[in-house]
Amino acid sequence: MKEPLVPVIPMSHTAHIRSHRKPRRSATSSIAVRAGVAGGVLSMAAAGASASASAAEPVTQTIELPTLTADLSAQVAQSAAATQQAAANYELRAERDAAAAKAAAEAKKDLAAAKKAEAKKKAAEAARKAAAERATRSAERATLSASASASTSTSVSAPASGSVATVIAFLKAQVGDAYVMGATGPNAWDCSSLVQAAYKQVGVDLPRVSQDQSMAGTDVPLSSVQVGDILYWGGKGSAYHVGVYIGDGQYLDAANPSKGVVIQDLSGYPASGAVRVL
């Protein structure tokens with residue numbers, strides 16, 4: 001049996017080489033793809049818009065407030081009443097504190113006025129007392145001056161023992177006067193001016209300063225000192241202070257600005273030496 005014959009179709013000489021061109025898609029397929037892509041984009045956009053809308057809208061939840069019971073209402077009312085009472089108490093305390101402060105200020109003011117009045121009264125009394133003392137001393141000085149004048153007129157010789165009493169009386173009349181450096185009386189003295197004035201009452205003229213007064217008269221040992229002798233402190237001829245011995249271990253002097261004219265114990269301030277001019 002003979003095999004069937006296969007018709008031979010002549011081929012081009014380039015038929016065995018594969019073509020490098022991409023196969024063309026059909027218009028229908030391209031349109032379908034584009035439609036699918038567009039649909040997907042639109043779907044995503046719609047989904048995003050829906051999600052954004054959902055995120056923008058706040059989620060609200062209704063919370064039901066508990067219903068006030070009778071006990072809670074009573075507690076609220078009691079708390080309000082307590083708060084009101086506390087405010088009233090605070091206001092009352094503030095008013096009391098203000099009144100107390102005002103009363104204290106007025107009492108302080110009254111006390112200051114009373115003290116001021118008392119100080120004025122004491123100052124007036126002190127002034128009256130000082131005036132009376134000055135008048136007394138002035139009278140004593142006048143009496144002593146008259147006695148001294150009578151004594152010097154009856155005798156021009158050295159003063160007798162009675163002159164010592166005149167000197168001591170004059171000195172004691174000055175007790176309480178002020179000490180002022182350089183003063184010479186009648187209400188203020190320094191140490192040497194007082195001694196000079198006392199002996200002048202009996203006609204004895206002494207030098208003005210303590211250094212020279214320590215050189216006057218006759219030297220006397222301190223163990224033999226008598227009433228009316230002049231005491232001096234410091235070296236003879238360079239004494240810095242003087243006073244007059246009045247007996248019983250005491251002397252009278254214009255001491256210093258804080259003491260003035262006073263009577264002091266010789267044991268508390270022993271003298272350096274003594275001179276006798278009467």
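## Val242 and the sheet around it

Val242 lies in strand β5, which covers residues 241-247, where strands are DSSP runs of E with at least two residues and helices are runs of H or I with at least four, numbered from the N terminus. The model is a predicted one, in which local features need pLDDT of at least 70 and side-chain atom pairs count only at pLDDT 80 or more, while totals for chains, interfaces and linings use all residues. Residues are numbered from 1 along each chain as its sequence is written, and side-chain values use heavy atoms, with hydrogens and water left out.

The mean pLDDT (the predictor's confidence in each residue, from 0 to 100) is 77 for the protein, with 64% of residues reaching 70 or more.

With a relative accessibility of 0%, Val242 counts as buried, a term that requires under 20% relative accessible area with a 1.4 Å probe, protein chains only. Beyond its neighbours within four places in sequence, Val242 is in contact (heavy atoms within 4.5 Å) with residues including Ser192, Ile230, Trp233 and Asp253. The C-alpha atoms of Val242 and Ser192 are 6.2 Å apart, although 50 residues separate the two along the chain.

Six strands make up an open antiparallel sheet in the order β3-β8-β4-β5-β6-β7, where pairing requires at least two DSSP bridges between two strands.

| Edge strand | Residues | Partner strands |
|---|---|---|
| β3 | residues 218-220 | a single partner |
| β7 | residues 260-265 | a single partner |

Strand β6 (residues 250-256) is joined to β7 by six bridges in an antiparallel arrangement, and Asp253 stands opposite Val262 in β7.

Definitions and conventions
Buried < 20%, exposed > 50% of the residue type's maximum accessible area, 1.4 Å probe, protein only.
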